[in-house]
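Here's a quick briefing to read alongside the model. Take a look at the fold first, then work through the notes below.

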Amino acid sequence: MTALPELLGKIAECQACASSLPHAPRPVLRASTRSRILLAGQAPGSRVHQSGIPWDDASGRRLREWLGVDEAVFYNEDCFAIVPMGFCYPGTGANGDLPPRPECRRLWHPQLLPLLTDVRLVLAVGAYAQAYHLPDRKATLTETVAGWREYLPRRMPLPHPSPRNRLWLSRHRWFEEELLPELKLRVAAALES
């Protein structure tokens with residue numbers, strides 16, 4: 001089995017989907033063998049591609065509010081492994097960012113995830129992460145997130161925290177009133193244990 005630092009080095013040099021990307025590959029992820037929470041999202045956006053820092057945008061600010069953590073905790077690899085479904089910015093389509101490239105999931109996830117042996121909570125953010133991490137998910141993202149209690153204690157589905165999802169959040173008040181308080185408790189407990 002490959003050691004995590006060696007594997008992360010290989011991922012950083014990956015060119016598997018270079019011909020399908022609008023820019024040169026720049027894999028963005030973070031992980032430690034001591035990570036307590038696995039944060040699985042979709043793929044970096046254009047701003048994150050530029051900075052190389054995961055969730056370095058408005059979505060990341062909202063996500064940290066949801067989790068009840070500051071940047072120091074969020075970017076501490078012993079606290080959070082940030083492993084999106086696609087590691088590079090996939091480009092933009094007619095309705096926003098394109099889906100994550102499938103190469104990362106096939107090439108790297110089967111090698112990487114088993115090395116994260118201290119993970120106590122998996123947060124599946126968005127439909128692509130839920131499809132991978134929640135094989136028992138519901139038919140829609142809304143149904144999956146609404147059924148969040150069924151995935152406890154180890155997993156929690158979340159919608160994407162993008163500002164574009166304001167309408168979804170306003171239509172589903174239970175998310176803020178019921179799920180978010182439990183999410184903050186679960187995150188705090190995972191980080192303390």
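Helices (H or I, at least four residues) and strands (E, at least two) are DSSP runs, numbered from the N terminus. UniProt, in an unreviewed entry, puts the feature "domain: Uracil-DNA glycosylase-like" on that stretch, 28–184; UniProt positions follow the numbering used here, feature names are shortened, and annotations may be inferred rather than shown by experiment.

Keep in mind that this is a predicted model: local features need pLDDT of at least 70, side-chain atom pairs count only at pLDDT 80 or more, and totals for chains, interfaces and linings use all residues. Residues are numbered from 1 along each chain as its sequence is written, and side-chain values use heavy atoms, with hydrogens and water left out.

**Nonpolar cores**

- A nonpolar core here is a set of buried Ala, Val, Leu, Ile, Met, Phe, Trp, Tyr and Cys residues joined through side-chain atoms within 4.5 Å; buried means under 20% relative accessible area, exposed over 50%, and partly exposed in between (1.4 Å probe, protein chains only).
- The largest core has 27 residues, and Leu123 and Leu183 have the most contacts inside it.
- Elements giving two or more residues to this core include E1, helix H3 (58–67), strand E5 (121–125) and helix H10 (173–192); H10 gives the most, with six residues.
- Leaving aside neighbours within four places in sequence, Leu123 is in contact (heavy atoms within 4.5 Å) with residues including Ile37, Leu39, Met156, Leu183 and Val187.
- There's also a second, separate core of 18 residues, with Ile11, Ala81, Cys104 and Val122 among them.
- In soluble globular proteins, nonpolar side chains tend to be buried together.

**Aromatic rings**

- The structure holds six aromatic pairs. Rings of Phe, Tyr and Trp (its six-membered ring) pair if their centres lie within 6.5 Å; planes under 30 degrees apart count as stacked, over 60 as edge-to-face and the rest as tilted.
- Phe74 and Phe80 make a tilted pair, 5.4 Å centre to centre with 40° between the planes. Phe74 is buried at 0% relative accessibility, and Phe80 is buried at 1%.
- Trp174 and Phe175 have ring centres 6.4 Å apart and planes at 80°, so theirs is an edge-to-face pair. Trp174 is partly exposed at 21%, while Phe175 is buried at 1%.
- Ring pairs link Trp66, Trp168, Trp174 and Phe175 into a cluster.
- Arg64 lies over the face of Phe74, 5.1 Å from the ring centre. For that call, NZ of Lys or CZ of Arg must be within 6 Å of the ring centre and within 35 degrees of the ring normal.

**Arg30**

- Arg30 sits in the loop between helix H1 (4–12) and strand E1 (37–40), and is partly exposed at 22% relative accessibility.
- Arg30 and Tyr75 are 45 residues apart along the chain, yet their C-alpha atoms are separated by 8.2 Å.
- Not counting residues up to four places away in sequence, Arg30 touches Tyr75, Glu77 and Phe80, among others.

**Cysteines**

- There are zero disulfides (a disulfide being a pair of cysteine sulfur atoms within 2.5 Å) in the structure.
- For Cys14, the nearest cysteine sulfur is that of Cys104, 6.1 Å away; Cys14 is buried at 16% relative accessibility.
- The Cys17 sulfur is 5.3 Å from the closest cysteine sulfur, in Cys88, which is too far for a bond; Cys17 is buried at 6%.
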